[in-house]
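Look at the sequence and the structure shown here. The report below goes through them part by part.

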Amino acid sequence: MDCIFCKIAAGEVPCKKVYEDAHTLVFMDIAGDVDGHMLAIPKRHFMNILDCDEETLHGLMCTVKHVSEHLAAHCGYDGVNLLNASGESAGQSVPHFHVHIIPRKTGDGIDAWPVFDGAKLPLDETWKKIRI
Ligand code: AMP
Ligand code: ZN
């Protein structure tokens, strides 16, 4: 499959590896947009959270937690932003499941929260549509 993150997981394309175990990999994002930007991926190909099985998801989130704890314990950070786009409609550009990890320090001035336009529908209307 012609997937850049599968190739990175297989060692066919180089990456700056931060952490690796049998099923997951964390490496530096090449965007150069914010210090410490990393991507956590499952080594097996899944498009995103919608087709990922629960065991893989569990392993990936444990890896995200492990790296986050490492950042806090040993690298001088005290928080993380975790970002994920699942689906083209959500802005996903690489169709291999990944969680962005952005290490944070108090007062670092990074704004990692999207600026939304404001809700178009009344809260109750959306809530009734999406509640399980
Ligand atoms: P998304 O828009 O959520 O799908 O994010 C895809 C991310 O992958 C972007 O932040 C890119 O900078 C990053 N990216 C694409 N190709 C590579 C690569 N070869 N190595 C590291 N990061 C990459
Ligand atoms: Zn892939």
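## A buried histidine

His96 has a relative accessible area of 0% and is therefore buried. Buried stands for under 20% relative accessible area, exposed for over 50%, and partly exposed for what lies in between, with a 1.4 Å probe and protein chains only. Accessible areas come from the Shrake-Rupley method with a 1.4 Å probe, and for residues only the protein chains shown count as cover. His96 sits in the loop between E4 and E5. Its C-alpha atom is separated by 5.5 Å from that of Phe46, although the two are 50 residues apart along the chain.

## About the model

This is a predicted model, in which local features need pLDDT of at least 70 and side-chain atom pairs count only at pLDDT 80 or more, while totals for chains, interfaces and linings use all residues. Residues are numbered from 1 along each chain as its sequence is written, chains are lettered from A and ligands numbered from 1 in the order in which they are written, and side-chain values use heavy atoms, with hydrogens and water left out.

## Overall layout

The protein has 3 helices and 5 strands. Helices (H or I, at least four residues) and strands (E, at least two) are DSSP runs, numbered from the N terminus. Read from the N terminus on, the order of the elements is α-β-β-β-α-β-β-α.

Along the principal axes, the C-alpha atoms fill a box of roughly 50 × 40 × 25 Å. Of the 132 residues in the protein, 31% are buried.

## The loop between E4 and E5

Two further residues of this loop are described here. Ser86 is found in the loop between strand E4 (79-83) and strand E5 (99-104). Ser86 counts as buried because its relative accessibility is 17%. A polar atom of the Ser86 side chain lies 3.2 Å from the backbone nitrogen of Ile49. The side chains of Ser86 and Asn84 are joined by a polar contact of 2.8 Å. A polar contact is a pair of N or O atoms within 3.5 Å; within protein, one must be able to donate a hydrogen and the other to accept it, and residues adjacent in sequence count only if both atoms are side-chain atoms.

Gln92 also lies in the loop between E4 and E5. With a relative accessible area of 11%, Gln92 is buried. What does the side chain of Gln92 reach at 2.8 Å? It reaches the backbone oxygen of Met47. The Gln92 side chain also makes a polar contact of 3.1 Å with the side chain of Asn48.

## The ligand site

Ligand 1 is surrounded by 16 residues, and the closest are Asp29, Ser93, Val94, His98 and His100. A residue is counted here if one of its heavy atoms lies within 4 Å of the ligand. By class, this shell has 10 nonpolar, 5 polar and 1 charged residues. Ala, Val, Leu, Ile, Met, Phe, Trp, Tyr, Cys and Pro count as nonpolar, Asp, Glu, Lys and Arg as charged, and the others, Gly among them, as polar.

An N or O atom in the side chain of Asp29 is 2.5 Å from an oxygen atom of ligand 1. For Ile30, a backbone N or O atom lies 3.4 Å from a nitrogen atom of the ligand. In the side chain of His100, an N or O atom is 2.8 Å from an oxygen atom of ligand 1. On its own, ligand 1 has 500 Å² of accessible area, and the protein covers 80% of this. Helix H1 (4-9) and strand E2 (24-28) are the elements that give two or more residues to the shell. The largest share, 3 residues, comes from H1.

Ile4 is found in helix H1. Its relative accessibility is 41%, so Ile4 counts as partly exposed.

Val18 belongs to strand E1 (residues 17-20). Val18 is partly exposed because its relative accessible area is 36%. Val18 and Val67 are 49 residues apart in sequence, and their C-alpha atoms are 8.4 Å apart in space.
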